Amino acid sequence: MSRFLARRIGSMVLALWGVSLLAFFLIRVIPVDPVEAYFAINQLPASKEAMDAIREEQGLNKPLLSQYANWIWHVLQFDFGKSFGSKSDVANDLIKKLWVTLRISAAALFFVVCISVSIGVLSAVKHSSLFDRLTRTTIFMIASMPSFWLAFILIYVVGLKWGILPLMGWGTWQHMILPSLTLALGLCPYYIRLIRTSIVEQMQQPHVLYARARGLKESVIIRNYLLKGTLPPLLTSLAMSCGILLGGAAVVEVVFTIPGVGRYILVAMEARDYVVLQGFILLIGFFYIVINFAADIVCAMIDPRIRLKGGEQ
Amino acid sequence: MVRDVAEKKRWMSEGLRKLAVFVIVSCLVLLTAACGSGETSEQQAANTETAANTETLTLSWPLDLGPINPHLYAPSEMFAQAMVYDSLVSYGDNGEIQPALAKEWQVSEDGKSYTFTLREGVMYSDGSTLSAENVKRNVEAVLQNMDRHSWLEAVSIIEKVEVIDDLTVKIDLKETYYPFLQELTLIRPLRMLGDKGFPASGSTAEEISAPIGTGPWILTDHVQGSHAEFTRNDNYWGDKPKIKKVVIKFIPDSQTRIMALEKGEIDLIFGSGQLAPVEYQTLQQKGQYQAMISGPLSTRVLAINSTIAPTNEKEVRLALQHLMDRKTIVEHLLNGLEEEAQSLFSPGFPYSDIKVGLYEYNIEEAKRLLDHAGWKVVDGKPFRMKGDQALQVTIPYRSTDVVHKGLLEYLQSAWREIGIDVQLQAEESQMYTQMAREGEFNLTFNDTWGVPYDPHMFIRTMIGENQLGYYVQKGTAISSSFTANVEKVIRTTDENERRALYESILRGIHEEAMFIPISYRTNYLVANDRVKGLQFTPHQYEVPLSLYELKE
């Protein structure tokens with residue numbers, strides 16, 4: 001196990017280094033640098049000399065490799081630098097805003113599980129019924145709606161017409177419901193279909209037939225046989241959805257006026273704020289790699305074959 | 001087989017356990033979120049209540065206000081800087097310079113030395129008093145960060161600041177510069193920060209320790225990305241605001257803003273940057289809101305590049321001038337919210353009373369000019385040709401600007417009928433700016449800046465390399481005399497000479513067909529019935545909240 005762990009940690013560090021390289025160099029491939037962007041955003045008619053002077057002051061005219069080494073050296077000390085525009089501490093800002101986005105995403109995952117499991121199971125058990133057909137039509141409709149549109153409908157109906165939840169803003173648990181529901185509804189159609197298909201398939205399996213023959217109650221069959229069988233694909237897909245949720249949050253954050261990381265990055269992107277952007281990519285990369293790592297470890301703990309295989313390689 | 005089943009069963013129960021853990025963790029996160037925000041919920045409740053509060057005005061703004069550093073630019077928002085900080089002098093009607101923190105001033109004969117007498121007893125929001133020493137400290141802080149301010153002549157031309165006595169300060173310039181006072185009225189960077197607002201390093205180039213100003217409002221709360229609260233400065237030296245508190249909610253999306261207004265979460269949406277013309281009109285037609293349009297603030301202008309083909313030909317530029325159907329554009333594309341432009345600078349601006357004429361919409365004249373220039377209609381070709389070249393103009397624009405997009409698409413179809421191939425290029429904002437700076441366009445929008453920048457600043461950028469305006473005059477026959485005149489006009493102290501020079505500059509711009517003025521840009525606002533005394537000031541970037549009232 002320790003050999004396996006060492007290997008995994010080694011590859012994790014390598015992957016993070018790769019992410020840092022990509023984060024640093026890819027951003028510099030985009031035309032227009034932060035100095036030019038700064039003057040453009042402020043609509044100031046700066047001369048080339050004035051811009052070069054600021055580039056020098058910010059160290060942007062040094063060789064790329066030395067800039068990279070300098071950045072990495074500071075990152076290792078958990079100093080992500082200061083934003084070019086606002087001068088605020090990037091690590092601090094990112095963590096604060098990522099925490100907001102993570103909370104919405106977690107709430108969205110919770111909604112996804114609750115909604116898709118209940119509707120998915122129901123429409124599988126009652127497949128080809130009116131309920132099943134209605135569900136199918138509705139989820140096709142929802143799946144084809146862009147998230148900002150869905151958000152407007154929710155804001156309009158729930159926030160404005162019914163007035164039971166806040167339209168926008170951030171602060172209380174009520175503020176989390178509409179944005180996370182918007183994110184969740186975008187994913188639900190996929191999960192409802194996944195669960196329904198998987199259960200319908202299993203219903204044809206001999207072990208379900210035998211269970212019925214043994215006279216087990218339908219609720220027991222659903223809980224102990226059908227639902228359990230859908231878990232492996234469901235869990236794998238949920239893990240993959242974390243990325244979609246974090247990415248999709250930007251649109252939702254703009255519409256619902258939430259001070260999350262998505263909105264922060266959109267502003268940084270327009271300002272070409274290198275320090276913020278590379279810090280963000282690195283942090284998200286770190287986040288993914290750690291989750292992957294944790295998943296691998298859990299799998300290895302459950303299944304000795306993975307552990308052994310990892311060790312032998 | 002039995003082992004397989006056992007294995008499968010174990011995996012399933014493992015899966016079920018994982019799902020349970022996931023659900024529990026999600027619940028915990030939700031719970032933490034709910035509990036964690038307990039302290040802000042009160043604040044938030046206060047916020048949603050604000051619209052009903054008789055002492056608080058709530059409005060939306062698309063962006064966070066930033067650090068509100070008086071000596072820096074974005075992400076500090078200009079209107080917030082103007083709420084907190086004052087300048088030595090202010091910009092009045094028709095460009096008249098009025099006293100502000102300085103109650104009077106003298107200009108030396110050679111126009112190189114300005115002596116300001118400060119108003120007595122002006123207090124900063126922390127209780128300290130404005131002094132000549134403090135003004136000096138502010139000006140020097142700006143001079144220390146010259147790289148960022150060198151675009152502004154009023155800063156780069158300052159030689160030194162001197163304290164004469166406690167309430168008198170003298171600023172010496174390296175050269176004469178007539179718009180110096182005008183540029184002192186700018187919202188940034190020459191406004192005054194209280195001594196306690198300076199960070200320990202003494203330099204405001206990176207940060208300030210607190211936004212301490214002498215302005216009508218004091219920043220009392222600011223939650224990044226959410227909202228800011230300003231309270232009336234009861235010690236304000238000028239006319240005090242009538243409202244006690246102003247809450248600004250940062251709402252980036254225009255549809256959300258409109259729904260927030262409908263729900264009463266905000267009272268006011270101010271500015272054309274927050275509402276598209278069609279959104280303004282929809283709200284106006286509902287009849288439930290007060291909707292208002294300002295007078296002309298700046299001019300919507302298409303700049304023509306005279307350095308690249310085919311717009312380097314004067315006759316092509318003239319033809320394009322005659323092809324601008326302002327009436328249709330204003331009525332149908334700008335929804336009547338703007339006026340047709342009659343000149344490059346809107347009326348009421350300094351020197352804007354100089355009349356140089358305007359090219360009327362005249363398709364026949366345009367065709368004649370194009371024919372004369374050799375761009376002929378050829379059978380079987382969709383566009384006019386000169387040799388094997390088709391008459392093509394490229395117009396880049398910011399992809400996010402829906403008004404410009406609509407307007408250009410209209411021109412594309414209208415000019416196609418005359419035989420001009422209009423290539424539209426939607427660009428990301430920064431890419432667009434780069435293209436404009438490098439002259440990669442035949443035509444593009446180059447709106448004037450409004451007071452106090454117009455006209456001198458707009459004209460002056462036309463002689464600086466790497467500026468959009470530079471490509472407009474560089475290829476014309478009068479480029480060198482034009483450049484000389486612009487250099488002269490900002491240095492002269494003789495009013496008559498200055499007027500004559502402006503006339504020659506504006507006439508040159510007209511005769512060489514450098515810009516196509518389209519309409520005078522306006523600002524607009526929509527507010528609910530709680531707000532009284534709604535009005536605009538000539539400043540495009542200020543929200544005159546001090547003048548508004550709330551109904552009892």
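This is a predicted model: local features need pLDDT of at least 70, side-chain atom pairs count only at pLDDT 80 or more; totals for chains, interfaces and linings use all residues.
Reader: Which residues of chain B and chain A make the contact, in numbers?

Author: Chain B gives 52 residues and chain A gives 51. Two residues are in contact if their C-beta atoms, placed from the backbone, lie within 7 Å.

Reader: Which element gives the largest share of the side of chain B that touches chain A?

Author: H1(B), with 12 residues. Helix H1 covers 2-36. Helices (H or I, at least four residues) and strands (E, at least two) are DSSP runs, numbered from the N terminus.

Reader: How do the residues on that side of chain B divide?

Author: Into 19 nonpolar, 23 polar and 10 charged. Ala, Val, Leu, Ile, Met, Phe, Trp, Tyr, Cys and Pro count as nonpolar, Asp, Glu, Lys and Arg as charged, and the others, Gly among them, as polar.

Reader: Over to H3 of chain A. Which residues are buried?

Author: Ala50(A), Met51(A) and Ile54(A), in a helix that runs 48-58. They cover an arc of only 100 degrees around the axis, so they sit on the same side of H3(A). The arc is that of the directions from the helix axis to the C-beta atoms. Buried means 20 or more other C-beta atoms within 10 Å of the residue's own, exposed 12 or fewer, partly exposed in between; C-beta atoms are placed from the backbone.

Reader: What do the buried residues of H3(A) pack against?

Author: Helix H2 (34-41) of chain A, together with helix H5 (146-149) of chain B. The face turned away from the buried side carries exposed Lys48(A) and Glu49(A).

Reader: What follows H3(A)?

Author: Gly59(A), with a positive phi near 75 degrees.

Reader: Where else is phi positive, in a residue other than glycine?

Author: Lys87(A) has phi near 70 degrees, and Arg272(A) has phi near 50 degrees. Lys87(A) lies in the loop between helix H4 (64-76) and H5 of chain A. Arg272(A) lies in the loop between helix H11 (261-270) and helix H12 (274-302) of chain A.

Reader: Is Arg272(A) buried or exposed?

Author: Arg272(A) counts as buried, because it has 24 C-beta neighbours inside 10 Å. Lys87(A) has 16, so it counts as partly exposed.

Reader: New topic. Which residues touch the most other members of the largest nonpolar core?

Author: Ile304(B) and Phe515(B), in a core of 213 residues. Such a core is a set of buried Ala, Val, Leu, Ile, Met, Phe, Trp, Tyr and Cys residues joined through C-beta atoms within 7 Å.

Reader: What is Phe515(B) in contact with?

Author: Leaving aside neighbours within four places in sequence, its contacts include Val301(B), Ile304(B), Leu344(B) and Val472(B).

Reader: How do S13 and S20 of chain B pair?

Author: S13 (298-304) and S20 (515-521) pair in the antiparallel sense over 6 bridges. Two strands pair if DSSP finds at least two bridges between them. They belong to an open sheet of 4 strands, ordered S14-S20-S13-S19. S14 and S19 stand at the edges, each with a single partner strand, so one side of each has no neighbour in the sheet.

Reader: Where are the cis peptide bonds in chain B?

Author: One joins Ala309(B) and Pro310(B), with omega about -5 degrees. Another runs from Val451(B) to Pro452(B), with omega near -5 degrees.

How values were computed: Residues are numbered from 1 along each chain as its sequence is written. Chains are lettered from A and ligands numbered from 1 in the order in which they are written.
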